[in-house]
Amino acid sequence: MATVDSAHASDRSDRSDRSDRSDRSGRSGRGRPRRRGERSRRASVGLHLALLLAAVIAVFPPFWLLVTSFKPKSDTFTLSFLSDFTLDNYDHVINDTEFLTWFGNSVLIVVVTTVVGVLISATTGYALSRFRFPGMRPLMWTLLITQMFPMAVLIVPLYNLMSRYGLLNQPVALIVTYLTIAVPFCAWMMKGFFDTIPVSIDESGRVDGLSPFGTFWRLVMPLARPGLAVTGFYTFVTAWAEVAYATAFLTGETNLTLAGGLQTFVNQHTQDWHLMTAAAVLIAVPATLVFGYAQRHLQSGLTAGATKS
Amino acid sequence: MAADTVKAPGTAPVPAAGAERARGPRRGRGADRPTGPLRRRLATYWYAWAMIAPVVAVIAVIIGWPLVRGVYLSLTDADEANVERQIGVNKIEATYEFVGLENYSRILGDSDFWDRLGWTVVWTVACVGITFLLGLGLAVMLNRAFRGRTLYRMALILPWAIPAFVSVFAWRMLYNERNGILNGLLDKGGIDGIAWLSDPTWAKVAVIAVNVWLGVPFMLIAMLGALQSIPGEQYEAAEMDGANAWQRFWNITLPGVRSVSMTVVLLSTIWTFNMFPVIFLLTRGGPAGSTDILVTEAFRLAFVSSPRDFANSAAWGVLILLLLVLFAIGYRRALRRQGEVW
């Protein structure tokens, strides 16, 4: 009965319902006799096994990429974890390929897209959250529908427009294109965040004599900063990982973004898996660090953005 | 939430100034259809309209206009050889012609489209279904305090942190038929290696597996958020009344996560339906087009195959969009029937 594992809070799938029902104060608290929702030893082991398996599956592919990137070319596909540790792959990727150029291209395009997208979407999110006005529902539906626009429907006309104005192979082409993804998404997310800020704050601002724009800019925007950060971060990640437009609009080795550049290592003509792994790690590490920093806000951000009204 | 917010924002400001500023946004699409006395409406609503103006303008210019052009292109015979383009300083004029609905009738009369549509539906349903169940299951497991919870959580969302195109290449290495680690392990177990990416059936399994791997973290985080918003008292009350674990899950947990689930399933369905990088980078639609979903096929027509067939690709794009709109309308109806408002 007295399982001494550190598990406490409500267990919804535990079928062994023998737990003592007297102690139902507090949902955490260690070392007490078993309460509602505590698991039997067997259920606990099962839980950890299931989670461990899932975690291993989640971590293994990137982990293997990392391991392989330190192997010399001849050993790329060996099953051993470590053979002849070497940094040659990294050296080659950084010094003998256009990797740094691609990296710069990606950063430029994605940063501009994110900043522009978030800034011009903020007012719309606010209007949708606070005001009722004719055209509100059509606008919300437009935002929702444009979010689900397949790239397939825009890619050909955008390509032709870019080609007509000679913009192919230039960062501005991708920036404009990514705004088609970023703007509807940012506006939608920002509405969710503004919804979480109490209306009474706006009202007190109005009472104190601020115009609606002043209320928005001076009171609500500062409060929405976490929301702006999450939205921006999310846009950043989306654009960073975009493949289709980047593949179609950019050709020529020095114009590529990372998504295009990585494809040059492994394709019909070349099979440089060892270089691909090193480049992949160099792309993934900064993205993962940023993600790790921002992820604590993600959960609240998602629920705010996801549950409408 | 919008219902209890500030109504009629612009009653205070000067009507004339309002009228001036509100003209801009109303040109854009999705803004408004004025029906009543125009001036009064402008005076009342110019604030909101001015605030949505930038986005409406952007949507009109970089989504609306290309969309219209895309629809037009799909009614022509545009391809690589006859579109308007710029080579160096020379500008070559467009010479394609209007052909009406010819492209559509050819596509819809061809079994290729229906094959791709069938596989796309299978792909979407399989991916979303499996991802949702795994995400919900893992979220339920993680939604309690125990040793190592944070570590598990971090490990489980790792696939989300890494750009998808990087992960896909990692999977391609694992799947490698002759040398990949999956077949290496199978070999050691005495099982013949599987042609992961070159056998049509296994290639389908492989792409679904990778997409599920990529999609679970999002589901997990969203569902975890939903689970944490369910008050613990409900479970305690249910337990007092003698509900067993399954009944508690079925009658409290599921209704509790329903609203968030509806949203994430909708989002996830759309994303999966339009998922390009996984299939394009993993199999390039192969072997022999067997893993091509609608969007990768449209991309292939315009940018991979030779000569590039812009008109047909645009027509595929329009058909894909129509399918998605139908889906969204159906979904909205379903929501309405269940009493969700908007």
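**Before you start**

Residues count from 1 along each chain as its sequence is written, and chains are lettered from A, with ligands numbered from 1, in the order in which they are written. Because the model is predicted, local features need pLDDT of at least 70 and side-chain atom pairs count only at pLDDT 80 or more, while totals for chains, interfaces and linings use all residues.

**Stop 1: chain A**

Select chain A. Chain A has 12 helices and 0 strands. Helices (H or I, at least four residues) and strands (E, at least two) are DSSP runs, numbered from the N terminus. Of its 309 residues, 47% count as buried. A residue is buried if 20 or more other C-beta atoms lie within 10 Å of its own, exposed if 12 or fewer, and partly exposed in between, with C-beta atoms placed from the backbone.

Now look at contacts. Two residues are in contact if their C-beta atoms, placed from the backbone, lie within 7 Å. Take the contacts in chain A between residues at least 6 apart in sequence: 70% of them join residues at least 24 apart.

**Stop 2: annotated stretches of chain A**

Select residues 103-294 of chain A. An unreviewed UniProt entry annotates them as "domain: ABC transmembrane type-1". UniProt positions are given in the numbering used here, feature names are shortened, and annotations may be inferred rather than shown by experiment. This span is 78% helix and 0% strand. Its end C-alpha atoms are 21 Å apart.

The UniProt record (unreviewed entry) also marks "transmembrane region" stretches in chain A, including 45-67 and 171-190. Select residues 45-67 of chain A: they are 100% helix, with end C-alpha atoms 30 Å apart. Residues 171-190 of chain A are 100% helix too, and there the ends are 26 Å apart.

**Stop 3: a loop in chain A**

Go to Asn169(A). Asn169(A) sits in the loop between α5 (151-164) and α6 (171-195) of chain A. Its phi is near 70°, a positive value in a residue other than glycine.

**Stop 4: chain B**

Switch to chain B. It comes to 13 helices and 2 strands. Of its 342 residues, 43% count as buried. Among contacts in chain B between residues at least 6 apart in sequence, 65% join residues at least 24 apart.

Select residues 117-331 of chain B. The unreviewed UniProt entry gives this span the annotation "domain: ABC transmembrane type-1". The span is 77% helix and 0% strand, and its end C-alpha atoms lie 19 Å apart.

**Stop 5**

Pick Glu102(B), in helix α3 (residues 102-109) of chain B. Glu102(B) counts as partly exposed because it has 14 C-beta neighbours inside 10 Å. Glu102(B) and Leu75(B) are 27 residues apart in sequence, but 7.3 Å apart in space, C-alpha to C-alpha.

Next, find Ala288(B), in the loop between α11 (277-282) and α12 (294-304) of chain B. Ala288(B) is not a glycine, yet its phi is positive, at about 55°. It has 10 C-beta neighbours inside 10 Å, so Ala288(B) counts as exposed.

**Stop 6: where the chains meet**

Show both chains. Here 101 residues of chain B are in contact with 99 residues of chain A. On the chain B side, α2(B) gives the most, with 18 residues. That side divides into 73 nonpolar, 17 polar and 11 charged residues. Ala, Val, Leu, Ile, Met, Phe, Trp, Tyr, Cys and Pro count as nonpolar, Asp, Glu, Lys and Arg as charged, and the others, Gly among them, as polar.

**Stop 7: two crossing helices**

Select α1 (residues 41-69) of chain A and α6 (residues 164-175) of chain B. They pack at an angle of about 80°, with their axes 9 Å apart. Axes are lines fitted to C-alpha atoms, for helices over the stretch in contact, and angles run from 0 to 180 degrees between N-to-C directions. That angle makes α1(A) roughly perpendicular to α6(B), a label for angles of 65 to 115 degrees. Contact residues include Trp64(A) and Leu65(A) of α1(A), and Trp171(B) and Leu174(B) of α6(B). The contact has 8 nonpolar residues, 2 polar and no charged.

**Stop 8: the core**

Finish at the largest nonpolar core, which has 172 residues. A nonpolar core is a set of buried Ala, Val, Leu, Ile, Met, Phe, Trp, Tyr and Cys residues joined through C-beta atoms within 7 Å. Helix α2 (residues 38-73) of chain B supplies the largest share of this core, 18 residues.

Which core residues touch the most other members? Select Ile155(A), Leu262(A), Ala279(A) and Ala280(A). Then zoom in on Ile155(A). Leaving out residues up to four places away in sequence, Ile155(A) touches Ala244(A), Tyr245(A), Ala248(A), Phe299(B) and Ala302(B).

Terms used: Parallel < 35°, antiparallel > 145°, perpendicular 65-115°, else oblique.
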